[in-house]
Amino acid sequence: MRRIMIADGSDVVRKVGKRILSGLDYLVLEASNSLEALVRCEADLPNVIIVDSTMDGALELIANLRMLPKGDTVRIFYCVVEADLKKMMMGKRAGADDFLLKPFDRKILTTVFANLSIAA
């Protein structure tokens with residue numbers, strides 16, 4: 001089973017994301033802040049990580065994840081509230097692979113992550 005982590009300060013966002021992604025046969029892990037996410041990833045790196053751009057230390061988290069052993073194999077989604085090119089480029093420079101828009105939408109998450117699941 002593929003593992004995905006949602007690193008977001010909002011309990012509601014994590015809960016909604018977990019409900020949708022669990023239905024796609026992902027084991028969903030949660031972290032409420034950057035430090036918790038990094039510590040959990042150091043212990044057991046998931047296949048995919050969704051990092052909220054508004055979380056303190058989000059860009060540092062992405063950069064630190066890339067430095068972990070096998071950190072280059074993790075698919076990192078930088079989650080933004082709006083399509084802000086400057087913010088998206090900062091995420092890309094830190095090491096994000098792709099982007100998601102918040103709030104989570106069932107249709108978009110299903111499309112993106114069902115396809116990832118198939119590709120794996």
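1. **Order of elements.** Helices (H or I, at least four residues) and strands (E, at least two) are DSSP runs, numbered from the N terminus.

2. **Basis.** This is a predicted model: local features need pLDDT of at least 70, side-chain atom pairs count only at pLDDT 80 or more, and totals for chains, interfaces and linings use all residues. Residues are numbered from 1 along each chain as its sequence is written, and side-chain values use heavy atoms, leaving out hydrogens and water.

3. **Overall size.** The C-alpha trace spans about 30 × 30 × 25 Å along its principal axes.

4. Of the 120 residues, 43% count as buried. Buried means under 20% relative accessible area, exposed over 50%, partly exposed in between (1.4 Å probe, protein chains only). Take the contacts (heavy atoms within 4.5 Å) between residues at least 6 apart in sequence: 60% of them join residues at least 24 apart.

5. **Main core.** The largest nonpolar core has 23 residues, and Val51, Leu61 and Leu65 have the most contacts inside it. Such a core is a set of buried Ala, Val, Leu, Ile, Met, Phe, Trp, Tyr and Cys residues joined through side-chain atoms within 4.5 Å. Elements giving two or more residues to this core include β1 (3–7), β3 (48–52) and β4 (75–80). The most come from α3, with four residues.

6. **Val51 and a second core.** Leaving aside residues up to four places away in sequence, Val51 touches Ala7, Ala58, Leu61, Ile62, Ile76, Phe77, Tyr78 and Cys79. A second, separate core has 17 residues, among them Ile4, Tyr26, Val48 and Leu109.

7. **Backbone points to check.** Most residues other than glycine have a negative phi, and most peptide bonds are trans. Asp25, not a glycine, has a positive phi of about 65°. Asp25 sits in the loop between α1 (11–22) and β2 and is exposed, at 56% relative accessible area. Lys70 also has a positive phi, near 65°. Lys70 is in the loop between α3 and β4 and is exposed, at 64%.

8. **Cis bond.** Lys102 and Pro103 are joined by a cis peptide bond, with omega about 0°. Pro103 lies in the loop between β5 (98–101) and α5 (106–119).
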